[in-house]
Amino acid sequence: MVFLGTVVNGLAIMVGALIGTVSSRIPDRMKTTIMQGLALVITVIGLQMAMKSEQFLIVIGSLVIGGMLGEYWDLEGKLATLGNWIEKKTGATSEGSVAQAFVTATLVYVVGAMAILGALDSGLRNDHSILFTKSLIDGFTAIMFTATLGYGVLFSAIPVMIYQGLIALFASQINQVVPQFLLDAFIAEVTSAGGIMIMAIGLNLLGIIKIRVANFLPALLVAAILVTTLYLFPLLFN
């Protein structure tokens with residue numbers, strides 16, 4: 001089943017979020033410490049991912065162009081609006097908590113190498129081991145996120161399943177059209193660009209700065225386009 005890993009990942013997030021709601025009685029000081037610890041780990045993971053690039057000019061270009069597109073489309077605002085809509089429908093009493101939890105958790109779970117590689121393995125080889133591992137990590141993270149940010153984390157499972165499911169669905173077609181070395185280059189540069197976004201999420205959670213991370217999401221698509229351009233027109237980058 002192509003979607004098995006994706007479904008398990010979504011269920012793990014939901015179960016973790018539900019457990020996190022039971023843990024919501026954690027004292028505020030402890031919540032702050034837990035969130036700071038998670039933020040530091042997320043920042044380090046992002047830094048490690050960012051170092052995967054083999055053509056850092058592609059990463060720079062993808063972030064600049066992708067950031068411009070994201071600002072033009074106001075992706076951060078649209079995600080926040082969706083979170084606020086969910087908040088109203090569910091009758092949340094803490095204004096903004098559902099939106100913040102939904103946006104933060106969605107970005108953490110979607111922007112990462114494991115999401116892409118795991119979905120590709122599910123589609124190409126029917127191997128779900130990467131997504132099973134990601135499910136364990138996401139489930140535990142969902143507990144902590146929900147305990148500190150609120151139950152909006154629960155709804156992040158929906159975009160995660162849609163995103164990974166689509167990658168898995170089209171993986172066989174991608175494999176037939178895209179050479180393996182080009183696919184490897186694409187994964188490296190997308191991972192690096194995604195890692196910088198993960199770092200930004202960590203900095204946001206630490207309260208050091210406020211970066212509209214969602215507005216950089218088009219950078220992932222731009223990175224793929226730039227990698228393809230490098231393959232087709234190598235002299236442009238030499």
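## Close-ups, view by view

**View A. Asparagine 126 sits in the loop that links helix 6 and helix 7.** Helices here are DSSP runs of H or I with at least four residues, numbered from the N terminus. This is a predicted model, where local features need pLDDT of at least 70 and side-chain atom pairs count only at pLDDT 80 or more, while totals for chains, interfaces and linings use all residues. Residues are numbered from 1 along each chain as its sequence is written, and side-chain values use heavy atoms, leaving out hydrogens and water. Asparagine 126 has a positive phi, near 55 degrees, despite not being a glycine. Its relative accessible area is 43%, so asparagine 126 is partly exposed (buried is under 20%, exposed is over 50%, and partly exposed is in between, using a 1.4 Å probe and protein chains only).

**View B. Aspartate 121 is found in helix 6.** Aspartate 121 counts as buried because its relative accessibility is 11%. Setting aside its neighbours within four places in sequence, aspartate 121 is in contact (heavy atoms within 4.5 Å) with Asn126, Asp127 and Ile130.

**View C. Aspartate 74 belongs to the loop between helix 3 (56–73) and helix 4 (75–90).** Here's another non-glycine with a positive phi: about 55 degrees for aspartate 74. Most residues other than glycine have a negative phi. With 38% relative accessibility, aspartate 74 counts as partly exposed.

**View D. The largest pocket holds about 500 Å³ of space.** Grid points are joined across faces, edges and corners, and the volume is the space filled by probe spheres set on them. Tyr163, Ile167, Phe186, Leu220 and Ala224 are the closest to the centre of the largest pocket, out of 18 lining residues. Helix 10 gives the largest share of this lining, five residues. By class, the lining of the largest pocket has 17 nonpolar residues, one polar and no charged (Ala, Val, Leu, Ile, Met, Phe, Trp, Tyr, Cys and Pro are nonpolar, Asp, Glu, Lys and Arg are charged, and the others, Gly among them, are polar).

**View E. The second largest pocket has about 380 Å³ of space.** Ile45, Val108, Met114, Ile137 and Asp138 are the closest to its centre, among 17 lining residues. Helix 2 gives the most to this lining, with five residues. Two charged residues join 13 nonpolar and two polar ones in the lining of the second largest pocket.

**View F. The largest cavity has about 40 Å³ of space.** Its lining includes Met49, Ile116, Tyr163 and Leu220. Helix 9 gives the most to the lining of the largest cavity, with three residues. That lining has seven nonpolar, three polar and no charged residues.

**View G. The largest nonpolar core has 49 residues.** A nonpolar core is a set of buried Ala, Val, Leu, Ile, Met, Phe, Trp, Tyr and Cys residues joined through side-chain atoms within 4.5 Å. Tyr109, Phe145, Val153 and Ile201 have the most contacts inside the largest core. Beyond its neighbours within four places in sequence, phenylalanine 145 touches residues including Met35, Tyr109, Val153 and Leu205.

Terms used:
1 Å grid on protein atoms, 1.4 Å probe; cavity = no way out; pocket = protein on both sides within 12 Å on 5 of 7 lines; lining within 4 Å. Helix = DSSP H or I, 4+ residues; strand = E, 2+ residues; numbered from the N terminus.
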